[in-house]
Amino acid sequence: MGRKANEPKPLGGGMVVRLPKKIIYQAITCTRKWMLFVSILSFSSLIFADAQVPHCNAETSSSAIFWGSTKPEYLRAEKALYYILYQQVADSGLFQSYQEERTAHTFDQALVLIDLVMEMEILKPHQQRYQVLLPRASNLAKSIVNLQNKDGSWFNAYDAYNSTPLTREKYSGVVAWIVFALNRYAALSTDNNALNSAQQGVKYLKNNMKDGGLIHKFANGNVVAITEANLNSWFAFMAMEEYDLANQVQSFLLNNLWSNKQGRFFAGKDMISGKVDKDPYLDNQTLGAHFLKQLGKYSDAIRTLNYANENFQVKKNNNLIGLDGRPSNMAVWLGGTCQYIIAKGTYSQILLDNLNKFQKADGGYPHDSQAINDPWHTTMTGISSTVWAHQANLGTHPLTFEKAKENHQTYFAKK
């Protein structure tokens with residue numbers, strides 16, 4: 001799909017993302033009958049101390065670990081944010097996952113909500129940029145709360161225009177992302193509905209625990225503890241201060257799904273047969289590395305990132321251009337590569353420079369570098385890939401606790 005006839009041109013030069021000294025918002029009318037405020041930002045001497053993922057210097061020094069580093073690209077980040085905001089549908093409050101489809105994947109909604117909250121966390125409520133972003137996040141959070149099932153879960157996808165469920169399947173890992181997102185939004189906005197919804201989501205996750213692991217029950221009867229879902233749930237439980245559940249998942253991951261010999265995470269475990277699926281996937285290594293960092297296991301974190309770098313490389317003319325989601329090494333998965341970058345894997349700057357070549361004029365990023373049927377890759381512009389690229393260009397990570405904890409302490413102190 002090409003540019004819409006009435007779509008505004010992308011934000012031009014002369015702007016910096018976040019906390020500008022001067023912000024001018026231009027109202028733009030779109031066919032979806034909503035107003036998009038676009039920030040046109042002037043360059044100024046800005047220091048973004050919180051735009052970098054903090055390193056633990058003592059551990060890095062003692063372990064002689066070399067973490068990858070990147071230079072923030074604020075202009076590209078702002079263009080990406082512009083694209084993200086443009087995908088919200090006014091009537092539903094949901095964000096369209098791809099321009100070519102009506103689908104609003106639930107995982108994408110969680111990722112967008114976290115992204116918007118992170119933008120607001122470094123602003124003051126009276127600032128104009130905050131006031132522009134807040135209704136976007138609030139409408140999305142309200143929609144997510146309204147779509148919650150009675151058992152505390154959410155379906156995997158909805159129609160972005162009328163909120164109709166497009167599937168009845170529920171993935172526990174997606175629920176965990178939503179719980180984390182609502183928790184972070186509630187900490188910022190003191191929205192009790194969002195917090196209550198997150199708590200109901202925790203109950204669903206708790207009801208889907210088996211032998212310390214978070215499980216998914218497939219239609220064919222298989223019961224599997226998927227690694228990614230368990231990683232997601234650990235962050236959700238930690239954010240919700242459900243430390244007993246977090247500890248159970250932590251032990252399950254390290255004892256069942258982590259290969260100390262290979263320095264990587266497996267795919268999952270069949271909870272009926274006990275068989276471990278040892279297939280390698282990129283996101284298990286990138287999210288797994290971030291998980292290991294939170295535990296202070298820095299040498300293991302760099303090991304799994306090195307495993308990802310060695311096994312998922314995609315090259316062009318013998319030059320590294322990105323990482324694939326599987327060892328098929330056929331096409332660059334932009335979202336997964338961004339996860340690797342913000343986890344501070346080696347060659348991060350080279351990868352970020354290459355990925356930014358894929359940014360489109362409207363600010364969005366494609367899901368993959370090529371369209372391939374098997375395994376599935378698409379060049380459609382994706383909101384998830386754009387959010388990950390937004391984070392990568394800022395040097396931030398969505399699964400962080402510091403600012404969220406600070407907001408929660410303030411919030412609960414008032415209650």
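Student: Before we look at strands, what makes two strands pair?
Tutor: Two strands pair if DSSP finds at least two bridges between them. In this predicted model, two bridges join β7 to strand β8, residues 223-226, and these strands run antiparallel.

Student: Which residue is the bridge partner of Lys217 in β8?
Tutor: Lys217 has Val223 as its bridge partner in β8.

Student: What order do the strands of that open sheet follow?
Tutor: The order is β7-β8-β11-β12, four strands in an open sheet with antiparallel pairing. At the edges are β7 (216-217) and β12 (276-277), each of which pairs on one side only.

Student: Which strands does helix α8 lie across?
Tutor: Helix α8, residues 243-257, lies across β8, β11 (268-270) and β12. Its direction is at about 85° to β11.

Student: Moving on to β13 and β14, how many bridges join them?
Tutor: Four bridges join β13 (residues 313-316) to β14 (residues 319-323), and the two strands run antiparallel. Gln313 stands opposite Leu323 in β14.

Student: And how many residues lie between β13 and β14 in the hairpin?
Tutor: Two residues lie between these strands. Asn317, in the turn, has a positive phi of about 55°.

Student: What about contacts between residues at least 6 apart in sequence?
Tutor: Among those contacts, 65% join residues at least 24 apart.

Student: And what does the accessible surface come to?
Tutor: The accessible surface is about 17400 Å², with 49% belonging to carbon and sulfur atoms.

Key
Residues are numbered from 1 along each chain as its sequence is written. This is a predicted model: local features need pLDDT of at least 70, side-chain atom pairs count only at pLDDT 80 or more; totals for chains, interfaces and linings use all residues. Side-chain values use heavy atoms; hydrogens and water are left out. Contact means heavy atoms within 4.5 Å. Accessible areas come from the Shrake-Rupley method with a 1.4 Å probe; for residues, only the protein chains shown count as cover. Axes are lines fitted to C-alpha atoms, for helices over the stretch in contact, and angles run from 0 to 180 degrees between N-to-C directions.
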